[in-house]
Amino acid sequence: MFARLSHLLLAALAAASIVSADPSADEEVRAFIAREGAAVRSLNFGRRQAASSQTRHLRPTYDEEPVTRRSKRDITPPDVGQVADFGGQDPQPIRNGNGDTFLANSNHEIDAQNPDNVAAPTTDAGTVPNLKWSFSLSHTRLLKGGWVREQTITDLPPSKDLAAAEIRLSPNAYRELHWHRVAEWGYILNGTGRISAIDESGRSYISDVKGPLNGTDPDIYYFPPGVPHSIQALDQGLEILLIFTDGNFDASGTTFMLSDWLAHTPLEVVAQNLGVNTSVLANIPQKDPYILESTVPPPSLGHAADQEVADPAGHVPSPYVFHIGQQEKTVAPGGGGWVKIQDSVTNFPVSKLLASALVVVEPNGLRELHWHVNDEWLYVISGHGRATAFPGGSSARTFDFQPGDTAVFPISYGHYVKNLSPTEPLIFLELFKSDRFVDFTATQWLALMPRQVVADLLKVPVSVVESFAKEKQIIVA
């Protein structure tokens with residue numbers, strides 16, 4: 001009994017002696033281990049920091065640097081809502097003396113991309129749901145001839161009107177013949193391709209599409225609900241941002257693949273319908289391939305007519321493709337950039353369920369305070385930005401954006417989008433499930449209201465109200 005107790009006491013003393021020096025160097029501990037052998041060799045005197053992976057949810061130790069020495073960098077006064085600057089160190093949840101450093105681990109790379117999640121401006125308040133999703137967080141489906149990744153309502157629940165996907169087609173590969181219950185809109189991110197379709201009257205359409213070549217803006221296309229179509233990459237390959245007019249795009253009954261349909265229809269019925277022998281159809285894919293590699297390269301860019309099939313019904317009267325590069329830009333009166341708007345009322349008649357805008361905000365510029373009568377879906381093409389969403393009720397939340405990020409500002413949410421770079425433009429898309437682009441802007445509204453009413457509300461001189469711009473600034477320098 002006494003011997004066992006002494007063993008336990010010595011083991012406890014050995015464990016308690018763990019300091020910066022190796023405890024096994026202690027003479028008494030070495031003698032104890034040599035004497036008792038295997039009975040105590042399972043004790044681990046190694047320091048936790050030496051482990052190959054850091055443990056979590058345990059009381060941390062700070063041998064190298066006490067907690068009190070960790071940086072508590074604050075906002076450089078005055079705090080007017082600027083992005084927190086952590087001085088090149090890992091972001092910490094501290095602002096104006098509130099908060100404190102992380103004691104446990106955090107994903108500092110994600111924190112650095114989202115400083116307003118870590119140390120939000122003091123104007124943020126209330127409970128606002130997450131309105132942002134990055135395509136980098138989406139699962140990428142790898143296929144023979146390309147890949148695809150999606151953002152649906154399961155990723156971004158507030159985005160009820162629209163879902164999105166990024167798709168990459170290898171050179172000459174094509175998206176198989178299919179149609180949707182909803183409308184499809186595409187923005188050519190890069191490369192070149194060819195689309196083909198027919199309308200409900202059997203009128204055909206074929207056209208080449210291209211990304212931003214030689215400094216020009218890219219093409220967009222639109223397929224109305226139910227229009228069967230295909231998309232093929234040309235020799236450069238093709239990458240597209242796809243938008244669909246239902247946030248729950250993955251729901252059953254939304255997308256229909258031709259090969260999938262034929263594989264699940266009795267072969268004799270298919271043969272009778274097509275007017276061929278059943279033996280001809282022996283190799284119909286039994287599982288839809290989604291993307292296929294071409295067995296014969298298509299004609300090169302600019303030669304879509306070489307693939308055109310003579311159609312007794314003629315051609316689709318309203319083109320499914322819109323060339324943004326041929327559209328005049330609207331230079332913002334506010335001097336901070338320009339915008340190009342596409343909708344069925346103004347210039348893209350076939351696009352009756354989707355309105356869009358390509359927005360370029362110059363360095364340090366600001367897409368002015370505004371709101372819409374439909375949900376706005378946003379996609380960042382390049383640059384780094386910031387936006388605050390205001391849902392009313394004394395609530396607000398600020399988000400940070402990088403290329404490939406998406407966001408949704410629900411109907412009537414007040415917001416802005418600011419370019420955070422002093423040297424690079426911020427380029428993004430605004431999309432709406434609507435036949436036309438509509439927005440209301442704060443400055444124009446205030447400028448056109450009775451001046452004393454505005455002055456009393458904002459507690460500023462009438463002369464300040466008189467200086468407000470009476471036309472939409474769109475983007476402010």
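**Pocket, core and salt bridges**

Analyst: Let's begin with a pocket. In this predicted model, the second largest pocket is lined by 23 residues. Arg141, Glu150, Phe249, Asp250 and Tyr290 lie nearest its centre.

User: What is the volume of that second largest pocket?
Analyst: About 360 Å³.

User: Which strand gives the most to its lining?
Analyst: Strand 11, with four residues. Strand 5 (146-151), strand 6, strand 7, strand 11 and strand 12 (255-257) each supply at least two.

User: How many of the lining residues are nonpolar, polar and charged?
Analyst: The lining divides into 12 nonpolar, five polar and six charged residues.

User: OK, zoom out. How many helices and strands are there in the protein?
Analyst: Nine helices and 26 strands.

User: What share of the residues is buried?
Analyst: Of the 477 residues, 42% are buried.

User: And the contacts? What percentage join residues at least 24 apart?
Analyst: Take contacts between residues at least 6 apart in sequence. Of those, 72% join residues at least 24 apart.

User: Now the inside. Which residues of the largest nonpolar core touch the most other members?
Analyst: Trp185, Tyr187, Tyr221, Leu241 and Ile243. This core has 51 residues. Strand 11 (residues 229-244) gives the most to this core, with eight residues.

User: Pick tyrosine 221. What does it touch?
Analyst: Leaving out residues up to four places away in sequence, tyrosine 221 touches Glu184, Trp185, Gly186, Ile188, Ile195, Ile231, Ile240, Leu242, Tyr320, Val321 and Phe348. Another core, of 27 residues, lies apart from the largest one. Its members include Leu378, Ala387, Phe432 and Phe437.

User: Switching to charges. How many salt bridges does a search of the whole structure find?
Analyst: It finds 13 salt bridges. Side chains of opposite charge can pair when their charged atoms come close.

User: Which residue meets arginine 95 in a salt bridge?
Analyst: Aspartate 79, at 3.0 Å, N to O. Arginine 95 is in strand 1, and aspartate 79 is in the loop between helix 2 and strand 1. The two are 16 residues apart, and the pair links distant parts of the chain.

User: Is arginine 95 buried or exposed?
Analyst: Arginine 95 counts as buried, because its relative accessibility is 6% and the cut-off for buried is under 20%.

User: What about aspartate 116? Which residue does it meet in a salt bridge?
Analyst: Arginine 386, at 2.7 Å, N to O. Aspartate 116 is in helix 4 (residues 115-118), and arginine 386 is in strand 20 (residues 385-392). They sit 270 residues apart, so this pair also links distant parts of the chain. Aspartate 116 is buried at 3% relative accessibility. Arginine 386 is buried too, at 6%.

User: And arginine 194? Which residue does its side chain meet?
Analyst: Aspartate 208, in a salt bridge of 2.5 Å, N to O. Arginine 194 lies in strand 8 (residues 184-198) and aspartate 208 in strand 9, so the pair ties together parts 14 residues apart in sequence. Arginine 194 is buried, at 4% relative accessibility. Aspartate 208 is buried as well, at 13%.

User: Last topic, the backbone. Where is the cis peptide bond at proline 78?
Analyst: The cis bond joins proline 77 and proline 78, with omega about -5°. Proline 78 is found in the loop between helix 2 (27-36) and strand 1 (94-95).

User: What is phi at asparagine 172?
Analyst: Phi is positive there, about 75°, although asparagine 172 is not a glycine. Asparagine 172 is in the loop between strand 6 (163-169) and strand 7 (174-180).

User: And where is asparagine 214?
Analyst: In the loop between strand 9 (204-210) and strand 10 (219-223). Phi of asparagine 214 is also positive, near 50°.

Definitions and conventions: Residues numbered from 1 in each chain as written. Predicted model: local features only at pLDDT ≥ 70, side-chain atom pairs only at ≥ 80, totals over all residues. Heavy atoms only, no water. Core = buried A, V, L, I, M, F, W, Y, C linked by side-chain atoms within 4.5 Å. Buried < 20%, exposed > 50% of the residue type's maximum accessible area, 1.4 Å probe, protein only. Contact = heavy atoms within 4.5 Å. 1 Å grid on protein atoms, 1.4 Å probe; cavity = no way out; pocket = protein on both sides within 12 Å on 5 of 7 lines; lining within 4 Å. Points joined across faces, edges and corners; volume = space filled by probe spheres on them. Nonpolar A, V, L, I, M, F, W, Y, C, P; charged D, E, K, R; others polar. Salt bridge = Lys/Arg side-chain N within 4 Å of Asp/Glu carboxyl O.
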